[in-house]
Amino acid sequence: MSNSGTNEKAYWSKEVADVLQVAGSTMRKWCLALEDKGYRFDRGANNSRVFYNEDILTLRRLKELVQDKKMALDVSVNLVISTFEGDRGTGGVHEENTVTKDVTVTNDSGHERVLLNQVLDKLEQMEEFNRTLASQLEKQNKYIEEQLHKRDEHIMAALRESMETKKLIAASQEERKQENKGFFARLFGK
């Protein structure tokens, strides 16, 4: 983007890399990819790139597509470049759009849109699959909880029954002891 005649603040690669939280090598790779598609960055004294706010926004869009949306770099660059229309484009992109509007660019753009739609369809399918999977996991967890609750109830019932049985056995044994005592032992309470 050519802003040499304005008073807009300019940034260097390291500053932009820090703002975007990416490595310098990643910045260079992205800039080269954009330049290959006609995007122009202003150059400083050592032929190093100078970045303006619009350039930073462009790189931020590219980062979002590449790192957050996991899109391929070349597809992401084409998508970012295709968003520039009329005066919003950089000098190189604007010239390319106005001077060399040929059918191949339109076909590439159409092809990219088809690819993007396919990617979005796949993403939608994955999201639907994830919702279905989450629903099935929820049902499975509910079933497991119900089964554990039933098991716990059965264990508690078995424990109660066992305790009652032990009490009855103890009472029965006490009765037998009482019956086995002689008449005088029962009479005198010994």
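These questions and answers walk through a predicted model.

Colleague: How many aromatic pairs does a search of the whole structure find?
Modeller: The search covers the whole structure. Its aromatic pair count is two.

Colleague: Are the rings of Tyr39 and Phe41 stacked, edge-to-face or tilted?
Modeller: Their centres lie 4.8 Å apart, and their planes meet at 55 degrees. Stacked needs under 30 degrees and edge-to-face needs over 60.

Colleague: Is Tyr39 buried or exposed?
Modeller: Buried means under 20% relative accessible area. Tyr39 has 1% relative accessibility, so Tyr39 is buried.

Colleague: Which residues form one aromatic cluster?
Modeller: Phe41, at 6% relative accessibility, is buried, and Phe41 is one of the cluster members. The cluster is made up of Tyr39, Phe41 and Phe51.

Colleague: Which residues touch the most other members of the largest nonpolar core?
Modeller: This core has 22 residues. Nonpolar side chains tend to be buried together in soluble globular proteins. The residues touching the most other members are Val16, Met27, Leu34, Phe51, Leu59 and Leu62.

Colleague: Which side chain does a polar contact of 3.0 Å join to that of Arg49?
Modeller: Arg49 sits in strand E2 (residues 49–50). Arg49 is buried, because its relative accessibility is 11%. Beyond its neighbours within four places in sequence, Arg49 is in contact with residues including Tyr11, Trp12 and Asp42. The polar contact of 3.0 Å joins the Arg49 side chain to that of Glu35.

Colleague: Which helix gives the most to the lining of the second largest pocket?
Modeller: This pocket has a volume of about 160 Å³. Its lining residues include Leu65, Met71, Leu116 and Met126. With six residues, the helix that gives the most is H6 (residues 103–180).

Colleague: What is the phi of Asn47?
Modeller: Most residues other than glycine have a negative phi. Asn47 is not a glycine, yet its phi is positive. Asn47 lies in the loop between strand E1 (42–43) and E2, and counts as exposed because its relative accessibility is 51%. Its phi is about 65 degrees.

Colleague: Where does Lys70 lie?
Modeller: Lys70 also has a positive phi, near 60 degrees. Its relative accessible area is 68%, so Lys70 is exposed. Lys70 lies in the loop between H3 and H4.

Notes
Residues numbered from 1 in each chain as written. Predicted model: local features only at pLDDT ≥ 70, side-chain atom pairs only at ≥ 80, totals over all residues. Heavy atoms only, no water. Phe/Tyr/Trp six-rings, centres within 6.5 Å; stacked < 30°, edge-to-face > 60°. Buried < 20%, exposed > 50% of the residue type's maximum accessible area, 1.4 Å probe, protein only. Helix = DSSP H or I, 4+ residues; strand = E, 2+ residues; numbered from the N terminus. Polar contact = N/O pair within 3.5 Å; in protein donor to acceptor, adjacent residues only side chain to side chain. Contact = heavy atoms within 4.5 Å. Core = buried A, V, L, I, M, F, W, Y, C linked by side-chain atoms within 4.5 Å. 1 Å grid on protein atoms, 1.4 Å probe; cavity = no way out; pocket = protein on both sides within 12 Å on 5 of 7 lines; lining within 4 Å. Points joined across faces, edges and corners; volume = space filled by probe spheres on them.
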